[in-house]
Structures are given as C-alpha cells and as structure tokens.
Amino acid sequence: MNDRVSVTSVGGDPVARHPTEFVERKGIGHPDSLCDGVAEAVSRRLSRFYRDEFGHILHHNTDKVHLGAGQSQPAFGGGSVVEPIYVLVGGRATTTVGGESVPVDELATAAARDYLLQTVPELSPEHVVVETRIGQTSSDLGSLFERGDEPLANDTSLGVGYAPGTPTERFVRTLEPRLHSELTAVGKDVKLMAVRRGNRLSLTVAAAVIDSHVETLGEYRDVIDRIEALAEQHAADTIDLPVSVTVNNADNYKEESLYLTTTGLSAEAGDDGCVGRGNRANGLITPSRPMSLEATAGKNPVTHVGKLYNLLSLRIARRLGDELGATYSSVQLLSRIGDPVSEPQAVDVVTTVTDDDVVTKAVADEFERIDELRSDLLAGRVAVF
C-alpha cells in the first residue's frame with residue numbers, strides 16, 4: 001500500500017479561507033434524492049435476496065432510476081394528486097442462477113414502492129407507479145465477483161471524500177432534519193443553497209408546504225416565517241456568522257402562486273429526477289471541493305468502486321480527523337478494473353496531519369475493513385446521498 005499512497009501536508013482547509021463559498025443540499029424528498037433512495041433500496045433488497053438464497057451477493061447495479069413528475073391540484077386544507085408520479089428502475093442484475101430464475105422485477109418494484117411510501121408519509125399507493133427495466137448483467141462484470149479470492153473492481157473509477165467540512169457545510173447538512181422534526185407543515189422536498197461571502201452567510205430555502213396543514217394564505221405565510229426563524233436559530237446554534245434567510249422566493253402572495261403541495265413533493269407536479277444529479281456521498285453539493293461524478297446510490301456493494309471508494313474516502317478523511325486531529329483532510333482513491341478492490345491503483349491524501357506514515361496506515365486500515373463497510377451498506381446504516 002505504501003507505494004500507492006501520496007500525502008501532502010497543508011496548513012488548513014483551503015475552502016474555509018476562500019472569500020466565497022457555495023454549499024447546496026437537495027433534501028430527502030427532492031426528485032433526484034428520491035431516485036437515489038430508490039436505487040439504493042433496490043440494491044439492498046437484491047443483495048439480501050442473493051445472500052439468503054445463494055449464499056453471497058451476486059452482480060447487480062441499479063443506479064439508473066428516473067422519476068417523472070405527476071400532476072396535482074393542491075388547495076388550502078387539502079388538495080389531490082390527479083396523475084401519479086412515475087418511477088422507472090433500470091440497470092443490470094443477475095436474473096438467473098443455475099437455470100433458476102431470480103424475481104428481480106418483483107423485488108425491485110416492491111423495494112421502490114416501500115421506500116417511497118415509507119420516506120414520504122403523505123404519499124398513498126395510488127400516487128406512485130413503478131416500472132422496472134432491469135436487464136441481465138454482463139457476464140464479464142459478473143465474473144469479477146468470482147475470480148480469485150476477493151472481489152475485483154468492475155470499473156476504473158475515482159472516489160473522493162473530505163472531512164470535517166467547513167462551518168457552512170455543517171450548518172447546511174444539519175438543518176434539513178431539524179425542519180422536518182419541528183415543522184409538520186414542511187414537506188420532504190426541501191432544497192437549501194448557502195453562499196458565504198467573507199464572514200456573512202446567505203441561505204435560500206425552497207420548502208414544499210403541505211396543503212392539508214394550512215387552511216389560508218395567512219397560515220401559509222406563518223409557515224414561511226417559522227421556517228425562516230428556525231433556520232436563523234439553527235445558524236445561531238451551529239455557526240458563528242450572521243445569516244440572512246430567504247424562503248420560497250418565487251412565491252407571489254398577490255396572485256397566490258405558492259409552493260403549496262399535496263404530498264410535500266415537487267415531484268407531484270413540477271419536477272423530474274434522476275440518480276446521481278444530487279448530493280454527493282456526504283449529503284452535499286460543494287463545487288469548491290474535488291468531487292467524483294459517480295452516483296454512489298444503487299451500485300453493488302461488492303465490486304463497484306464507484307460506490308465503495310466514495311464512501312471509503314469519506315471514512316479515511318473522518319478517521320484522520322477523529323483519531324489524528326486533522327482539521328482538514330481530502331482523500332482521492334483511484335481503482336483499476338480487474339484489480340482487487342482492496343488494492344487501489346493510487347491514493348492521494350491532502351491533510352493537516354504531518355506524519356505520512358500514520359496517514360498511510362490509516363488508509364491501509366480502512367481498506368482492510370472494507371467488509372465492515374459492505375455490512376453497513378447491506379444493513380442500511382450508511383447514508384449515500
């Protein structure tokens with residue numbers, strides 16, 4: 001491992017010193033995030049079935065999910081969904097084993113529907129149509145599960161992670177759960193965009209308001225005020241910067257053109273979605289950071305380095321902070337198709353830790369624990385978007 005790892009020492013987080021910083025999060029109910037969640041739920045369902053029926057996880061990648069918006073008629077006091085949300089699950093999977101057919105389509109459909117209905121309580125079964133178009137996996141990629149003593153990388157791919165993040169990043173990442181837990185009228189579709197200019201922070205919030213929770217325009221405006229106040233309070237609790245908050249800036253109160261929804265989702269009427277267009281593996285979109293464009297969600301947890309290396313790089317960066325006191329670490333991992341997943345082609349670490357040997361050991365230790373990451377993924381203990 002030593003000859004593959006390069007370590008560069010820096011004095012601190014370069015983004016924290018930039019005069020301007022942009023940080024975005026697409027909430028759990030954003031159409032792109034819903035696609036990520038469906039893709040990962042389908043992968044977990046298939047992985048568990050393969051393991052239980054055949055003793056080990058078989059090749060699959062279900063990271064090709066598209067959401068087409070429905071049509072709705074929101075109204076104060078409660079509206080209706082008149083055309084369902086359409087979800088198409090694509091990708092590849094092992095569909096036969098020893099002549100035995102695997103019920104891939106049934107498993108995928110059930111996993112997708114279960115995820116959507118459990119994630120968005122306002123959705124009813126009739127609000128969602130799920131279609132599957134999962135084809136038979138490539139024999140070449142499938143064989144990478146079974147060659148040699150350990151899984152072989154099924155792609156030449158780059159994984160990127162960093163930690164601990166700037167105060168702005170931590171503020172944005174932790175605000176959404178608080179909005180959902182404290183404001184019942186706020187739907188699952190919340191989008192946050194923060195810009196820090198010097199020592200001042202501006203936050204724009206797009207929050208779907210659930211129509212059954214507001215009877216009048218006045219009540220709607222009260223919800224908007226409460227979102228603004230909660231965001232300001234969260235800033236005071238988490239970041240030592242003055243913050244200005246704008247909520248649902250496109251609203252026109254005079255014409256009652258509002259972000260009012262029946263299900264708490266823009267997907268009920270106005271917005272489509274796709275896997276990989278939203279948050280990176282750490283739950284944020286951070287254009288000032290190095291990022292991989294790989295979609296983490298939906299890829300298999302055994303051979304697909306597009307998933308594993310993004311998550312491993314995060315674990316390494318966080319370990320350097322937790323155990324070695326790093327105030328900043330950025331980790332990039334490069335695989336090569338056909339090589340063991342545990343043997344990266346190259347590793348580049350930029351960190352405030354000045355001892356190269358302990359950094360290299362931390363990298364090696366995390367690769368040795370890759371099976372723990374796989375178990376965590378299978379149990380749903382790892383956030384991938």
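**Exercise 1.** How many aromatic pairs does the structure hold? Describe the geometry of the pair formed by Phe49 and Phe54.

*Solution.* The model is predicted. The structure holds three aromatic pairs. One of them joins Phe49 and Phe54, with 6.4 Å centre to centre and 70 degrees between the planes. Planes over 60 degrees apart count as edge-to-face, and the Phe49 and Phe54 pair is edge-to-face. Phe49 itself is partly exposed, at a relative accessible area of 21%.

**Exercise 2.** Locate Tyr220 and Tyr253, and state which parts their pair ties together.

*Solution.* Tyr220 and Tyr253 form an edge-to-face pair, 6.4 Å centre to centre and with 75 degrees between the planes. Tyr220 lies in helix α6 (residues 217-238), while Tyr253 lies in the loop between β13 (243-247) and β14 (260-261). The pair therefore ties together parts that are 33 residues apart in sequence. Next, take accessibility: buried means under 20%. Tyr220, at 0%, is buried, whereas Tyr253, at 26%, is partly exposed.

**Exercise 3.** Give the strand order of the four-stranded open sheet, then identify its edges and the helices that pack on it.

*Solution.* The order is β9-β6-β3-β15, with mixed pairing. At the edges stand β9 (128-136) and β15 (273-274); each has a single partner strand, so one side of each lacks a neighbour in the sheet. β15 pairs with β3 (residues 60-68) in the antiparallel sense over two bridges. Within this region, His66 has Cys274 of β15 as its bridge partner. Helix α2 (residues 31-54) packs on the sheet and touches β3, β6 (85-93) and β15. Helix α3 (residues 104-119) also packs on the sheet, touching β6 and β9.

Note on methods: Residues numbered from 1 in each chain as written. Predicted model: local features only at pLDDT ≥ 70, side-chain atom pairs only at ≥ 80, totals over all residues. Heavy atoms only, no water. Phe/Tyr/Trp six-rings, centres within 6.5 Å; stacked < 30°, edge-to-face > 60°. Buried < 20%, exposed > 50% of the residue type's maximum accessible area, 1.4 Å probe, protein only. Pairing = 2+ DSSP bridges. Contact = heavy atoms within 4.5 Å. Axes fitted to C-alpha atoms, helices over the stretch in contact; angles between N-to-C directions.
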